[in-house]
Amino acid sequence: MIKISGLTFDYPGHRALHQVSLEVAAGSVTALVGSNGAGKTTLMRCIAGLETPLAGSINVAGMDVLEQPREVHRIMGYLSDFYGLYQALTVAQCFEYAAAAQGLPAPAIPQAIQTTAQQLGLTDRLQQTCDKLSRGLRQRVAIGQAIIHAPKILLLDEPASGLDPEARASLAGLFRQLQANGMTLLVSSHILAELDEYSTHMLALREGRVLEYRALIHDNSQHAPQKSLRVTLAQADARLSAQLATEPALQVTASNEHSADFNFSGDEHALAALLARLIASGLPVCGFSDQKENLQQSYLRSVATYENGQTNHLSKTGSAS
Ligand SMILES: Nc1ncnc2c1ncn2[C@@H]1O[C@H](COP(=O)(O)OP(=O)(O)OP(=O)(O)O)[C@@H](O)[C@H]1O
């Protein structure tokens with residue numbers, strides 16, 4: 001859906017993106033993560049055709065963003081990190097304005113306003129003017145403006161900032177719903193636990209470079225997906241490692257007398273059978289827990305790998321001192 005090749009972007013005196021290349025699959029939700037100044041906003045603005053890169057190309061649904069910006073905008077929604085709302089307009093008027101600006105035919109606009117208000121929980125606010133809304137409600141109106149034309153691609157820069165926990169949870173639900181309807185989302189946030197709830201991919205940027213881009217959910221239908229699990233005992237038992245070694249469908253990655261971590265290839269029935277065998281062997285098993293790496297751990301591991309690489313490179317070139 002989005003194909004970026006060799007994207008390089010310069011601000012006066014500062015290179016913000018260095019040779020960024022990646023392909024974002026249709027229907028995915030990509031968590032765009034990185035420290036302050038990593039280049040997330042710049043990348044989004046380039047994808048939205050709001051900046052002209054020094055080099056490289058960006059293709060959205062088969063269209064070159066720089067050559068066909070208007071066609072691209074018709075299928076794209078973008079919420080910038082700093083946005084403005086017309087204070088004197090009501091929420092309904094804001095939606096109407098956004099819908100008309102996105103080229104929605106006039107007869108379709110009233111329904112689009114109702115649908116969007118419902119998705120954002122703003123139905124009872126439609127007649128209120130924006131100057132009377134709280135920060136979180138304004139944020140919801142801005143998100144509504146970005147999705148009113150039911151785009152195929154949605155770019156959201158820090159969409160949850162200013163939202164209360166309830167609104168954040170319902171926003172996560174909305175993103176899952178939009179993805180289920182076939183939308184491709186690119187969402188930047190510093191709150192990784194939140195992105196973890198709905199993201200299928202992680203794109204980590206660091207100093208304008210792609211640190212890592214990968215799928216977070218592996219769905220390989222030909223094989224049972226591999227699980228990373230931990231078995232915990234109620235009390236220390238030296239037989240744990242030996243007992244696990246007799247199990248062909250698992251590989252132990254770490255163990256002691258209280259617990260063991262292992263990768264397991266098998267379905268839920270195989271897991272139930274494994275639990276039954278461990279209990280039958282006399283081990284005081286409390287249970288299994290999922291050891292799947294979350295987005296935060298994944299991101300921090302990418303950063304650590306990058307920093308170790310930098311340190312190794314510097315020490316090899318002799319400039320570390
Ligand atoms: N208008 C500008 N002129 C010069 N440099 C800029 C400009 N806008 C951004 N930069 C620089 O480009 C780099 C990337 O900025 P960008 O806003 O894309 O980062 P970000 O990852 O979105 O950061 P944050 O998480 O803080 O929002 C930063 O070093 C920033 O200082």
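**Exercise 1. Which residue just after H9 takes a positive phi, and how covered is H9?**

Step 1. Helices (H or I, at least four residues) and strands (E, at least two) are DSSP runs, numbered from the N terminus. The model is predicted: local features need pLDDT of at least 70 and side-chain atom pairs count only at pLDDT 80 or more, while totals for chains, interfaces and linings use all residues. Residues are numbered from 1 along each chain as its sequence is written.

Step 2. Helix H9 covers residues 268-280, which is 13 residues, and reaches 18 Å from its first C-alpha to its last. This is close to the 18 Å expected at 1.5 Å a residue, where the expected span is 1.5 Å times one less than the number of residues.

Step 3. Take a residue as buried if 20 or more other C-beta atoms lie within 10 Å of its own, exposed if 12 or fewer, and partly exposed in between, with C-beta atoms placed from the backbone. The count of buried residues among the 13 residues of H9 is 1, so the helix is hardly covered.

**Exercise 2. Why is Pro248 classed as exposed, and where is its place?**

Step 1. Pro248 sits in the loop between helix H8 (240-245) and S12.

Step 2. Pro248 is exposed because it has 7 other C-beta atoms within 10 Å.

Step 3. Between Pro248 and Phe264 there are 16 residues in sequence and 9.4 Å in space, C-alpha to C-alpha.

**Exercise 3. How do S1 and S4 run, and how do S6 and S7 run: parallel or antiparallel?**

Step 1. S1 and S4 belong to an open sheet of 4 strands in the order S2-S1-S4-S5, with antiparallel pairing. Its edge strands are S2 and strand S5 (63-64).

Step 2. Strand S1 (residues 2-11) and strand S4 (residues 55-60) run antiparallel and are joined by 5 bridges. Lys3 has Asn59 in S4 as its bridge partner.

Step 3. Strand S6 (residues 76-79) and strand S7 (residues 153-157) run parallel, joined by 4 bridges. Tyr78 has Leu155 in S7 as its bridge partner. From S6, Met76 and Tyr78 point one way and Gly77 and Leu79 the other way, and all are buried.

**Exercise 4. Which element gives the most to the shell around the ligand?**

Step 1. The ligand is surrounded by residues including Tyr11, His14, Asn36, Lys40 and Thr41; a residue is near a molecule or strand if its C-beta atom, placed from the backbone, lies within 6 Å of it.

Step 2. Strand S2 (14-24) and helix H1 (40-47) are the elements that give two or more residues to this shell. H1 gives the most, with 3 residues.

Step 3. By class, the shell has 3 nonpolar, 7 polar and 1 charged residues. Ala, Val, Leu, Ile, Met, Phe, Trp, Tyr, Cys and Pro count as nonpolar, Asp, Glu, Lys and Arg as charged, and the others, Gly among them, as polar.

Notes:
Pairing = 2+ DSSP bridges.
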